Amino acid sequence: MMSDRCASRVEASSEVLLDVGDLVVHFPVGRKRPFRPQSKVHAVDGVGFSIRRGTTFGIVGESGSGKSTTAQAILRLVPVTSGRVQFRNENIAALGGEALRRTRRHFQIVFQDPFSSLDPRRRVGDLIREPLDLLDIGDRSDRDERVRSLLGEVGLPPQAAGLFPHQFSGGQRQRVCIARALAPEPDLIVCDEAVSALDVAIQAQILNLLKKLQRDRGLTYIFISHDLGVIQHFCDEIAVMYLGKIVEQAPRATFFARPRHPYSWSLVAAAAPPGPVRDALKQRYLVKGDPPSPVDPPPGCRFAQRCPFVVDRCREVLPALESIDGGARVACHRINEIEAMDLVTRADTA
Amino acid sequence: MAPVLSVESLNVGLRATNGVTIPVLENLSFSVEQGKTIALVGESGCGKSMTALAIMRLLPEAFVVSSGQIMLDGEDVLAAPMPRLRSLRGNRMSMIFQEPMTALNPLYTVGDQIAEVLRLHRGLGRKDAAEQTLALLKAVQIPAAAERINAYPHQMSGGMRQRVMIAMALACKPKLLIADEPTTALDVTVQAQIFDLLSRLQDQTETAIVLITHDLGAVSELADDVAVLYAGRCIERGRAHEVIERPRHPYTRGLMACVPHLRLGGEASGAPADLDEIPRMVPPLGERDAACAFLPRCVFADEICRSQLQPPLQADDGGHCVSCWRWKEVA
């Protein structure tokens with residue numbers, strides 16, 4: 001059954017697999033004091049997007065931007081404060097108990113650190129088999145066969161099943177994690193900085209493997225990374241997050257042809273290939289300082305504190321994520337004015 | 001001008017329990033002049049950090065320098081007795097580590113930790129040291145430096161802590177600064193700030209920098225020279241722009257090709273192709289052949305590569321060296 005699945009290549013369709021609406025995740029911090037509101041980390045603050053089947057949705061942002069929490073909330077790995085996560089025909093955010101457990105087989109996750117995400121005391125074969133046993137997929141004899149074919153699919157020899165995680169390198173362990181995520185034949189896989197801890201040569205191997213799996217199995221990915229080069233290479237749609245909000249979202253070509261939000265520019269300036277364009281971009285857009293704390297953020301635009309184009313209105317009114325041309329959505333009060341000012345870099349990058 | 005640091009035919013080994021010494025670094029040579037930067041590039045396990053630790057004489061137990069010479073400003077580092085070494089470290093040569101979270105003492109304020117360097121090496125009094133510390137914190141662009149001087153490391157972000165590390169490392173205006181992956185643990189926008197800061201401070205202090213990195217973007221921005229390490233051997237060395245624009249060794253070429261480079265503006269349209277990969281991985285310690293170390297992963301490997309020892313680093317007229325039998329045919 002595995003082989004005919006591989007034979008037919010699945011193309012990206014227009015079917016929406018995941019639709020997230022107004023997702024909010026708050027974590028209370030500090031002590032609860034009488035007559036004072038509890039302090040909260042606004043990890044994810046009203047995030048919405050939809051993902052078509054067979055495509056890759058990239059989330060980029062700095063640490064503390066809420067990119068991992070967004071993904072983990074979608075998978076119900078952290079409690080959802082409010083919002084809607086429509087996956088196929090169900091609202092995952094409202095599921096519980098057995099129904100949630102049954103749905104879980106359709107979405108899996110690959111973490112950043114392949115050293116801590118595998119149980120060191122279990123053999124690789126058992127690790128890959130575990131989701132099959134837990135979710136009661138196939139019969140017992142069928143499962144061994146599946147483990148073998150999964151190992152082959154991620155580029156590991158069948159003997160790997162009998163070895164322990166410590167006998168593998170980082171790249172190979174990440175392959176084991178991918179095989180484990182693939183085992184229950186999910187529709188959606190979240191890759192949370194899945195290649196960030198790997199050396200560049202190994203990173204390329206894993207990225208190519210993920211691409212191949214997507215072509216063969218029609219997988220849908222949520223791909224989280226801080227590396228814009230990798231995001232551009234791997235993702236069809238890109239969302240830039242800053243302090244719990246999406247500040248810009250656009251298809252790949254639109255986004256990299258010309259980012260719109262000042263924070264997106266700043267990320268691009270930091271990652272641009274060396275040369276006069278990079279120098280011009282850095283001069284104009286590179287932000288100073290560190291991202292502020294997501295505990296009880298002030299009203300207004302979250303980026304106002306570091307934005308080179310800030311005006312009073314930005315500090316008072318939170319800009320909404322509004323659609324503009326090219327399928328992009330941007331949350332910035334001054335987008336049109338910045339566009340007009342933006343003669344230098346437009347000439348350079350066009 | 002005599003180089004600030006010159007490393008000549010350095011060999012470092014790991015002494016195994018059965019008395020055998022496993023080679024870790026083999027025949028490594030490079031030098032760096034005042035105000036210049038050399039980048040050491042390669043995957044993990046290629047010996048970049050070991051080189052740094054050997055220069056600082058901070059090699060972990062069981063690792064030994066079996067032969068070679070390390071000269072810092074005309075002084076033989078390997079022959080220096082312990083008291084002399086202590087006055088060299090932090091004073092003439094200093095190091096920035098990858099993890100600003102663990103490299104600072106959590107029990108002392110950052111001001112105290114920077115002042116300690118000045119008081120120890122420069123013999124400054126409490127008041128003078130505090131004054132200079134404040135100037136240093138301002139130089140590394142820490143906002144509200146006068147208040148931050150009394151902050152503990154946990155009260156600062158990663159980027160701030162790395163700035164403190166830089167201030168501490170540059171406090172005595174060392175001849176040599178070793179930066180071991182100084183920005184790997186930081187956010188991208190902060191990385192760019194730290195690189196800018198390093199190059200600005202270098203212009204002022206004329207410090208020679210050994211930059212250890214796997215980020216080729218950082219290399220082209222900061223480095224004058226680059227040495228590419230593979231499995232403990234230097235396989236290519238030359239001017240940074242030469243090596244980046246015209247890499248010769250198949251490994252260097254592979255490293256360049258497997259990184260997805262950002263394409264902007266008009267170049268951004270069109271679907272990206274699959275990345276080129278370098279198959280397999282770096283051979284572990286003790287499993288390295290006397291022949292070219294890259295042989296098992298090289299797509300250009302030939303009879304000559306299998307039958308000969310590791311090729312010598314051959315230099316052309318411009319000083320661009322490569323250790324490959326076939327580079328002329330391949331390039």
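**Entry 1: ground rules**

I noted that residues are numbered from 1 along each chain as its sequence is written, and that chains are lettered from A and ligands numbered from 1 in the order in which they are written. Since I am reading a predicted model, I kept in mind that local features need pLDDT of at least 70 and that side-chain atom pairs count only at pLDDT 80 or more, while totals for chains, interfaces and linings use all residues.

**Entry 2**

I traced an open sheet of eight strands in chain A, and wrote down its order as β6-β7-β8-β3-β9-β10-β12-β11, with mixed pairing; two strands pair if DSSP finds at least two bridges between them. At the edges I found β6 and β11 (322-323) of chain A, each with a single partner strand, so one side of each is left without a neighbour in the sheet. I reminded myself that strands of a sheet pair through backbone hydrogen bonds, either parallel or antiparallel.

I then looked up two of the pairs. Strand β6 (residues 107-110) of chain A runs parallel to strand β7 (residues 188-192) of chain A and is joined to it by four bridges, and Val110(A) has Cys191(A) as its bridge partner in β7(A). Strand β3 (residues 56-60) of chain A also runs parallel to its neighbour β8 (residues 220-225) of chain A, with five bridges between them, and there Val60(A) stands opposite Ser225(A).

Which way do the residues of β6(A) point? Phe107(A) and Ile109(A) point one way, Gln108(A) and Val110(A) point the other way, and all are buried, where buried means 20 or more other C-beta atoms within 10 Å of the residue's own, exposed means 12 or fewer, and partly exposed lies in between, with C-beta atoms placed from the backbone.

**Entry 2: helix α10 of chain A**

I counted ten of the ten residues of α10(A) as buried, among them Tyr263(A), Trp265(A) and Val268(A).

What does this helix meet in chain B? Ser266(A), Leu267(A), Ala270(A) and Ala271(A) of α10(A) meet Val188(B), Thr189(B), Gln191(B) and Ala192(B) of α7(B); two residues are in contact if their C-beta atoms, placed from the backbone, lie within 7 Å.

**Entry 3: where the chains touch**

I listed 37 residues from chain B and 39 residues from chain A in the contact between the chains. On the side of chain B that touches chain A, the largest share, six residues, comes from α7(B), and I sorted that side into 16 nonpolar, 14 polar and seven charged residues.

I found Leu198(A) in the loop between β7 and α7 (200-217) of chain A, and Leu198(A) is buried because 22 other C-beta atoms lie within 10 Å. Leu198(A) and Gly170(A) are 28 residues apart in sequence, yet 6.8 Å apart in space, C-alpha to C-alpha.

I also checked phi, knowing that most residues other than glycine have a negative phi. Asp136(A), not a glycine, has a positive phi of about 55°; it lies in the loop between α4 (124-134) and α5 (140-153) of chain A, and Asp136(A) counts as exposed, with 9 C-beta neighbours inside 10 Å. Gln141(B), also not a glycine, has a positive phi of about 60°; Gln141(B) lies in the loop between α4 (126-139) and α5 (145-148) of chain B and is partly exposed, with 17 other C-beta atoms within 10 Å.

Definitions and conventions
Ala, Val, Leu, Ile, Met, Phe, Trp, Tyr, Cys and Pro count as nonpolar, Asp, Glu, Lys and Arg as charged, and the others, Gly among them, as polar.
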